[in-house]
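Here are a few friendly notes on the aromatic side chains, written to be read with the model open beside you.

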Amino acid sequence: MDRRWFLLTLAATPLAFARAEAANKKFVLAEEYMPQLVDVDADVAIGTILIDPAKRFLYLVEATGVARRYGIGVGRAGLAFRGTAEVGRKAKWPSWRPTDNMIRRDPKKYSRYASGMKGGPGNPLGSRALYLYRDGRDTLYRIHGTTEPWTIGKAVSNGCIRMVNEHVEDLFDRVPVGAQVVVLQ
């Protein structure tokens, strides 16, 4: 099959096409952002997700003093999630719709997706999403995969926590709905 035809077929939108092209470029994630077990000094329950936006790491506490650490991309200044939440829902190959605020901030980029985008390889939420809820309500923030793995370690998102797809798939399988999420300040 001709590679160009495949990419054109895969790319139902200009955004998806650009992401599909970029995904085919060689990318190597820095070793520090690969999943690894690390010591943590946090007084939280096992199963809690700790997010350190300043250091660009997400920690899943697996035992007292031990966590699995993943590299993440975080929200740009003024757009980052703050405080505590819980995983209210999980989805494989989630659909996506930009928030109303995203559309207002950048209508040229986001208004064409106001009706949403089906899940799949070109979807900006990647292969998995953990939906953050507070007081039983969706915060519109997610921990999700990405079609732009080179953004891990950077502050580039509209507020969500993004991970390499393979890493969010691993986290997805380890974390139940109801897990606590704490964003460190």
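1. A word on burial first: a residue counts as buried under 20% relative accessible area, exposed over 50% and partly exposed in between, using a 1.4 Å probe and protein chains only. Tyr110, at 9% relative accessibility, is therefore buried. Trp96 is buried too, with a relative accessible area of 11%.

2. Please keep in mind that this is a predicted model, where local features need pLDDT of at least 70 and side-chain atom pairs count only at pLDDT 80 or more, while totals for chains, interfaces and linings use all residues. Residues are numbered from 1 along each chain as its sequence is written, and side-chain values use heavy atoms, with hydrogens and water left out.

3. Searching the whole structure gives four aromatic pairs. Rings of Phe, Tyr and Trp (its six-membered ring) pair if their centres lie within 6.5 Å; planes under 30 degrees apart are stacked, over 60 edge-to-face, and the rest tilted.

4. Tyr33 and Phe57 make a tilted pair, because their planes meet at 45°, with ring centres 5.6 Å apart. Both Tyr33 and Phe57 are buried. Together with Tyr59, they form one aromatic cluster.

5. Trp96 and Tyr110 pair edge-to-face, at 6.3 Å centre to centre and 65° between the planes.

6. Which residue lies over the face of Phe57? It is Arg69, at 4.0 Å from the ring centre. Likewise, Lys90 lies over the face of Phe172, at 4.4 Å from the ring centre. (The cut-offs: NZ of Lys or CZ of Arg within 6 Å of the ring centre and within 35 degrees of the ring normal.)
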